[in-house]
Amino acid sequence: MANNTKDNDKIVIGNWKMNLNVQESSLYLNKLANLIQTHRDVKVILAPSMIALQTLSLQVNYHEFKLAAQNFYWRDEGAFTGEVSATQLRGLVQYALIGHSERRHVFAESDKDIRNKVQAALRNGIKPILCVGETEWERNEGETEDIVRDQLVSGLANVTSEDLGDIMIAYEPVSAIGTGDNSMPSDAEAVIVSIRKTIKRLFGAKAGDDIKVLYGGSVTSATAGGYLLKPNIDGVLVGGASLESNQFNEIVEQAYEATR
Ligand code: PGA
């Protein structure tokens, strides 16, 4: 199932977080479908609320958009009141965000939870988007690269080289998420180069070159281009700005420009 090839393809992910009800999500998908042009080299992935996935999975044109879950529980089934498993998401989504900063910091997800979720996604044929990133305090202490490396080593602990081809990494500094305080593209690029180094050490040089690594954290249509033009950054994970159709469309167009 490996799909990573060394290419200049770009990826734009819209994380709608806990916004929009089912009907609003459906209308918004329709709006995006009318607005956004499909480009062969740009993959657009939408992560709506869990409750909208069923409806959107029937509505979406998969040539235009892929769907991602924002979260799930790592057991496949059982007495886990209120949870949804990757097994239940099979067929509804192609991707899943795993270890998003809000899951790590608001819901206290541990590295072990995240590692288990990576495994659960893979065993259910869902491609993990593993999110990593340091807090502001860790950055100020000069620990960014160590923290991110530890998150990668832990999250990918049981992953085979073959499975790695189905995994994307999203680097999101915690203090940049939802704050308007986005990283400088050159700073994001430097951390992403260190992410590739870690992947090379774990899985070999080709894997480190091939893996898709995105930046996220207060990306807007005004800032996306700076990241998308960096050679080591394969795309952007967009939260707030993904809920504004014109901005999101502009970001997709900037991704397309960056492929040319
Ligand atoms: P933001 O969110 O773009 O609103 O900062 C990014 C994310 O949470 O992935």
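Me: Helices (H or I, at least four residues) and strands (E, at least two) are DSSP runs, numbered from the N terminus. With that, where is isoleucine 177 found?

Reply: First, this is a predicted model. Isoleucine 177 is in the loop between β6 (168-171) and α9.

Me: Is isoleucine 177 buried or exposed?

Reply: Buried. Its relative accessible area is 13%, and the cut-off for buried is under 20%.

Me: Which residues is isoleucine 177 in contact with, leaving aside neighbours within four places in sequence?

Reply: Lys17, His100, Ser101, Glu102, Glu172, Gly217 and Ser218.

Me: Let's take Ser218 from that list. Where is serine 218 found?

Reply: Serine 218 lies in the loop between β7 (212-216) and α11. Serine 218 is buried too, at 17% relative accessible area. Its phi is near 55 degrees, a positive value in a residue that is not glycine.

Me: What about phi of alanine 108?

Reply: Phi of alanine 108 is near 55 degrees, also positive and also in a residue other than glycine. Alanine 108 has its place in the loop between α4 and α5 (111-123).

Me: Alanine 108, buried or exposed?

Reply: Alanine 108 counts as exposed, because its relative accessibility is 60% and exposed means over 50%.

Me: Back to Lys17 and Glu102, both in contact with isoleucine 177. How do the side chains of glutamate 102 and lysine 17 meet?

Reply: In a salt bridge, at 2.8 Å from N to O. Glutamate 102 sits in helix α4 (residues 101-105), and lysine 17 in the loop between β1 (10-15) and α1, so the pair ties together parts that are 85 residues apart in sequence. Glutamate 102 is partly exposed, at 27% relative accessible area.

Me: How many salt bridges does the count come to?

Reply: The count is 13 salt bridges. One of them joins aspartate 234 to arginine 196, with the closest N and O atoms 2.8 Å apart. That pair links distant parts of the chain, 38 residues apart. Aspartate 234 is in the loop between α11 (224-228) and β8 (235-238), while arginine 196 is in helix α9 (residues 185-203).

Me: Aspartate 234 and arginine 196, are they buried or exposed?

Reply: Aspartate 234 and arginine 196 are both buried.

Me: Which residue forms a salt bridge with lysine 200?

Reply: Aspartate 209, with the closest N and O atoms 3.0 Å apart. Aspartate 209 is partly exposed at 33%, and lysine 200 is partly exposed at 34%. Elsewhere, salt bridges that share partners join Arg103, Glu109 and Lys117 into one network.

Me: How many Å apart in space are isoleucine 177 and lysine 200?

Reply: The two are 27 Å apart, C-alpha to C-alpha, and 23 residues apart in sequence.

Me: New topic: helix packing. What describes two packed helices?

Reply: The angle between their axes and the distance between the axes. Take α1 (residues 22-35) and α12 (residues 245-259). Their axes come within 10 Å and cross at roughly 45 degrees.

Me: How are α1 and α12 placed relative to each other, then?

Reply: α1 and α12 are therefore oblique to each other.

Me: Is that crossing left-handed or right-handed?

Reply: The crossing of α1 and α12 is right-handed.

Me: Which residues meet there?

Reply: From α1, Tyr28, Lys31, Leu32 and Leu35. From α12, Ser245, Asn246, Phe248 and Asn249. Sorted by type, the contact has four nonpolar residues, three polar and one charged.

Methods: Residues are numbered from 1 along each chain as its sequence is written. This is a predicted model: local features need pLDDT of at least 70, side-chain atom pairs count only at pLDDT 80 or more; totals for chains, interfaces and linings use all residues. Side-chain values use heavy atoms; hydrogens and water are left out. Axes are lines fitted to C-alpha atoms, for helices over the stretch in contact, and angles run from 0 to 180 degrees between N-to-C directions. Angles under 35 degrees count as roughly parallel, over 145 as roughly antiparallel, 65 to 115 as roughly perpendicular and the rest as oblique. A crossing is left-handed if the near helix is turned anticlockwise from the far one by less than a right angle, and right-handed if clockwise. Contact means heavy atoms within 4.5 Å. Ala, Val, Leu, Ile, Met, Phe, Trp, Tyr, Cys and Pro count as nonpolar, Asp, Glu, Lys and Arg as charged, and the others, Gly among them, as polar. A salt bridge is a side-chain nitrogen of Lys or Arg within 4 Å of a carboxyl oxygen of Asp or Glu. Buried means under 20% relative accessible area, exposed over 50%, partly exposed in between (1.4 Å probe, protein chains only).
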